[in-house]
Amino acid sequence: MKVSVFGCELSGLVTAGALAQTGNRVVAMPIGVVKVEDLYQGVLPRDEPGLSQLIRSQVEEGGLVFEADWRAGVKHGEVLILSMPSWRLDRAEEVIKVIGECATGDVLVVNQSSFPIGTADRFEAQIKLAFAQRGLVAKVSVAAMPEFISEGSAIGDFTRPDRIVLGSRDEQSINRIKDLMRPFNRVTDQVKVMSTRAAEYTKYAVNALLATRISLVNELANNAEHFDIDMEEVRQGMGSDARIGFSYLYPGCGFGGPSFAADVKNLVGTLQSKGYDADLLKTVLSNNESQKEVLFRKAWRFFDTDLRGKKIAIWGLSFKPNTSTVENAPSIKTVEALAAQGATINAYDPKGVADFKKHYQGCSCIEYFEDMYQALEGADALFILTEWKSFWSPDYELMKSRMTTPVIFDGRNIYEPEVMKGLGFRYFGVGRGETI
């Protein structure tokens, strides 16, 4: 099938690469700052596991082509896919305008992006109006198929989905999209067909529920400390309930990333535009921002409210493992708070340093390291903000030898409190370890 993908950021590249890999002829077009020549040279906007290899292999095999001219993409595609971040709505509007101006026959547009509820219906009406003004008689269908990929596991999320949410009432469009997605839907029928608005709302609802779940478990963990309760024991009791399960049930120092919180904020805005307060979701977002400073508050109390001159080592700058993205990461607020109190920071992250530097250009209070143990040199405390696998089983004796004082504030609860105590560390987790 001939497919055109508008958008060459994470979701667009994963979509284009995966569809090309299954035999489709794919043309992918940047809609932001990404340049075609950079894509051909392997310079991708996200450092996503396996993505560089996927794109390179499909370009070499000829199944994937990058194109700067959107009109060429409209001419090529039997299916036109909008796959861009939620903040690119203005660019999506421009793509829809180009489709309305230069399409010469039937059009099937599939929107993967988290745009406001009702966007698919509006885009369909705009293209139909443009066709009518041109005197073109052709069928127009705009379907919603929101993506549910996560950074760090994006390719697997797309190619082995839990479900494919498809919003359309046009049988011909539904069948064509099902055929396109058939290679990723072979074990059982995971396609959930519904109206376009229901599909758009589903994406927001899923993220809202997950965000609420995370914020609730964080609040429970924070309060467990006051009762000398180990939150891990509570988590095991909660997660073993079949109605709850263990996913997204880990307390920590808050969620981040470019899309998760943004989707919840967009849903709040949508509900408020209809006259609803969305108080619960606003509280979830507020609590999450506060949770990003949970380790700072513990350290502030531990050091008797005086962090001036303290050297704090930080392991983990990216918002989650296996990605270089630091947007909305807990590390940003943590560093801001520490710097404001006069602390200096030794920072280490396997992938996120370059992205983090963009937020703190010229800041003299941060020193970056290429080795996790070197970052501990002379440190009065260690903050763990991202659960990279390399942090799980470190050389504890080497850690102690490098640190001025063996104090750990663990925002991801990756260590066992009793083990750390036995090794001679002061250990403070989220709902675990010592209470302060």
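A cavity, as the word is used here, is a set of grid points where a 1.4 Å probe fits but cannot get out, and its volume is the space filled by probe spheres set on those points. On that basis the second largest cavity of this predicted model has a volume of about 30 Å³, while the largest cavity has a volume of about 60 Å³.

**Cavities**

- The structure holds 2 cavities of 30 Å³ or more.
- The second largest cavity is lined by Ala-261, Lys-265, Leu-285, Asn-288, Glu-289 and Asn-328, a set that by class divides into 2 nonpolar, 2 polar and 2 charged residues.
- Helix 11 (260-273) and helix 12 (279-291) each supply at least two residues of that lining, and helix 12 gives the most to it, with 3 residues.
- Around the largest cavity, the lining residues are Asn-111, Gln-112, Ser-113, Ser-114, Phe-115, Ala-144, Pro-146, Glu-200, Lys-203 and Tyr-204, of which 4 are nonpolar, 4 polar and 2 charged.
- Helix 9 (residues 196-224) gives the most to the lining of the largest cavity, with 3 residues.

**Nonpolar cores**

- The largest nonpolar core has 39 residues, and those with the most contacts inside this core are Leu-51 and Phe-66.
- Helix 1 (residues 10-21) gives the most to this core, with 7 residues.
- When neighbours within four places in sequence are left aside, Phe-66 is in contact with Cys-8, Leu-13, Ala-28, Val-36, Leu-39, Tyr-40, Ile-55 and Val-59.
- Another core, of 38 residues, lies apart from the largest one and includes Met-231, Ala-299, Ile-314 and Cys-365.

**Residues with positive phi**

- Most residues other than glycine have a negative phi.
- Tyr-248 has a phi near 55 degrees, a positive value in a residue other than glycine; Tyr-248 is found in the loop between helix 10 (231-239) and helix 11, and is partly exposed, with a relative accessible area of 38%.
- Asn-328, one of the residues that line the second largest cavity, has a positive phi near 60 degrees; Asn-328 sits in the loop between strand 9 (311-315) and helix 14 (330-340), and is partly exposed at a relative accessible area of 31%.

**Salt bridges**

- The count comes to 25 salt bridges.
- Glu-101 forms a salt bridge with Arg-71, with the closest N and O atoms 3.5 Å apart; because Glu-101 lies in helix 5 (residues 89-102) and Arg-71 in helix 4 (residues 70-76), the pair ties together parts that are 30 residues apart in sequence.
- Glu-416 forms a salt bridge with Arg-432, the closest N and O atoms being 3.1 Å apart, and the pair links distant parts of the chain, from the loop between strand 13 (407-410) and helix 17 (417-422) to the segment after strand 14 (426-428), 16 residues apart.
- Within this pair Glu-416 counts as partly exposed at 43% relative accessibility, whereas Arg-432 is buried, with a relative accessible area of 6%.
- Salt bridges that share partners join Glu-289, Lys-292, Glu-293 and Lys-333 into one network.

Terms used:
Residues are numbered from 1 along each chain as its sequence is written. This is a predicted model: local features need pLDDT of at least 70, side-chain atom pairs count only at pLDDT 80 or more; totals for chains, interfaces and linings use all residues. Side-chain values use heavy atoms; hydrogens and water are left out. On a 1 Å grid over the protein atoms alone, a cavity is a set of points where a 1.4 Å probe fits but cannot get out, and a pocket is an open set with protein on both sides within 12 Å along at least five of seven lines; lining residues have an atom within 4 Å of a point. Helices (H or I, at least four residues) and strands (E, at least two) are DSSP runs, numbered from the N terminus. Ala, Val, Leu, Ile, Met, Phe, Trp, Tyr, Cys and Pro count as nonpolar, Asp, Glu, Lys and Arg as charged, and the others, Gly among them, as polar. A nonpolar core is a set of buried Ala, Val, Leu, Ile, Met, Phe, Trp, Tyr and Cys residues joined through side-chain atoms within 4.5 Å. Buried means under 20% relative accessible area, exposed over 50%, partly exposed in between (1.4 Å probe, protein chains only). Contact means heavy atoms within 4.5 Å. A salt bridge is a side-chain nitrogen of Lys or Arg within 4 Å of a carboxyl oxygen of Asp or Glu.
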